[in-house]
Structures are given as structure tokens and as C-alpha cells.
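The sequence and the model come first, and the entries follow.

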Amino acid sequence: MWRARRIVALSPHTDDSELGCGGFLARALEEGADVWVVAYSSAAESLPPGAPRDTLRRECRLALSRLGVPAEQVILRDYPVRRFCDHRQSILEEMVSLRRELAPDLVLLPASTDVHQDHQVIHAEGVRAFKETTIFGYELPWNHLAFRGQAYAVLERRHLERKEHALTAYRSQVELGRPYFAPGFAEALARLRGTQVKTELAEAFEVVRLRL
């Protein structure tokens, strides 16, 4: 059975990959996959008043360490939030370099139906850069008008718990009252997706490309 050996998760902002595929990353790491995460913006504009500008960078590193991603495999960029469109060629060139350097066999990125402007850039340029690779789109339900789950990663309770523990690192976002950081949100979504494939817990993905 096919199993990804090297995974690159493309995260528009710090926290997107943990929210969209944190359970799957925890499972993949447990199964021995080599996992890299690239976040393109620390979204310093999305912090509580008075918070240091590097808050989300520190929270992201802590969250990913809780998932088990090695520190040297976390890449943080600093593109301006909501203005990725102005930098898409630079973003594409960075992705192409990443493809040559890492040669992943699975890329995770926001799903094609994600309406956030920065997420759309990461999806479009990610597909362009990694079009010869298996690509799955993760869901962030608050950004979708519709989402078509075509692949499901079955999770054990410990994978969900690791994801939830990772998300608690984002204290700044909890303080801002982001509803997707609310206790129980990640489990409710995992239960919904699990029910669709007759298991307790799962994460769903859009299959953008599948290379077997």
C-alpha cells in the first residue's frame, strides 16, 4: 500500500497546517514519515493589541514541536498577510526550489475551494510547483463555501490529542476568540469526518493529484 515517505505541508499562515491536517501529520510522523512544514506568513497583523510581533512565530514552532516536527524542518517566511498576490512569483520560485531540494512524495496545501486570498495563492502556486507530485488539499471549514472530501486519514485518539495539544500553543489566537480554536472544535470535525468513513475519527482531504 502506498505511504508517503516525505511530506511537505504548505501553510499560508502559521497555524493553518496544524488546523487543517495536524492529526494526519501526527500519524505520519508516528509512522516514520519525514515531515516538513513551510508557513508563508506569521500574520503579525492578527495579534492581540500589544503582543510582540514574533508571537505567532514562537507559537508555531511550539505547536509543531508538539506534533513532533523537527525544529530544523520548520520553515517560516514573512510575506505580508492578505497580500500574497503581490508576491506570487517569489512564492512560486521558493516552492520550486523546495521541490528540487526535498523531492516530497506528498504535498499538503489548502483545498481549491478555500476562499481566503492568501490560501488561494498558496494553492495555485503549490499546484504549479508540485504538479508532478501527489497533492492533497486540507480543509479549513470557515473558509469554504463547499468542500469535497475524497481521501480520509483515519486517526487514533492519540493523533487527535496531539493535534489538540499543538493548537493550545496558539494562545494569542485563543485570546482573540477564534472559534476554530475553541475546545471541542477539532474533535467535532474529526468525528464528522470519521462518521463519513465508518470510523471514530478522521481528517478529510481533497485529492488534487494522485501519483501511485
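The model is predicted, so local features need pLDDT of at least 70 and side-chain atom pairs count only at pLDDT 80 or more, while totals for chains, interfaces and linings use all residues. Residues are numbered from 1 along each chain as its sequence is written, and side-chain values use heavy atoms, with hydrogens and water left out.

I then located histidine 116 in the loop between strand E4 (106–110) and helix H4 (117–129). Helices (H or I, at least four residues) and strands (E, at least two) are DSSP runs, numbered from the N terminus.

Which residues does histidine 116 contact, leaving aside its neighbours within four places in sequence? I noted His13, Arg82 and Asn143, where contact means heavy atoms within 4.5 Å. A polar atom of the histidine 116 side chain also lies 3.0 Å from the backbone nitrogen of aspartate 118.

Entry 2, strand E5. I checked residues 134–138 and found five of the five buried, so strand E5 is largely enclosed by the rest of the structure. In a regular strand the side chains alternate between the two faces of the sheet. In E5, I saw Thr134, Phe136 and Tyr138 point one way, and Ile135 and Gly137 the other way.

I next examined the partners of E5. E4 and E5 run parallel and are joined by five bridges; two strands pair if DSSP finds at least two bridges between them. Proline 110 stands opposite tyrosine 138 in this pairing. On E7 (residues 201–209), which runs antiparallel to E5 with four bridges, the bridge partner of tyrosine 138 is phenylalanine 205.

I recorded seven strands in an open sheet of mixed pairing, in the order E3-E2-E1-E4-E5-E7-E6. Strand E3 (74–76) and strand E6 (151–155) stand at the edges with a single partner strand each, so one side of each is left without a neighbour in the sheet.

Elsewhere in the sheet, I found E1 (residues 6–11) and E2 (residues 34–39) paired in the parallel sense over six bridges. Arginine 6 stands opposite aspartate 34 in E2.

Notes. A polar contact is a pair of N or O atoms within 3.5 Å; within protein, one must be able to donate a hydrogen and the other to accept it, and residues adjacent in sequence count only if both atoms are side-chain atoms. Buried means under 20% relative accessible area, exposed over 50%, partly exposed in between (1.4 Å probe, protein chains only).
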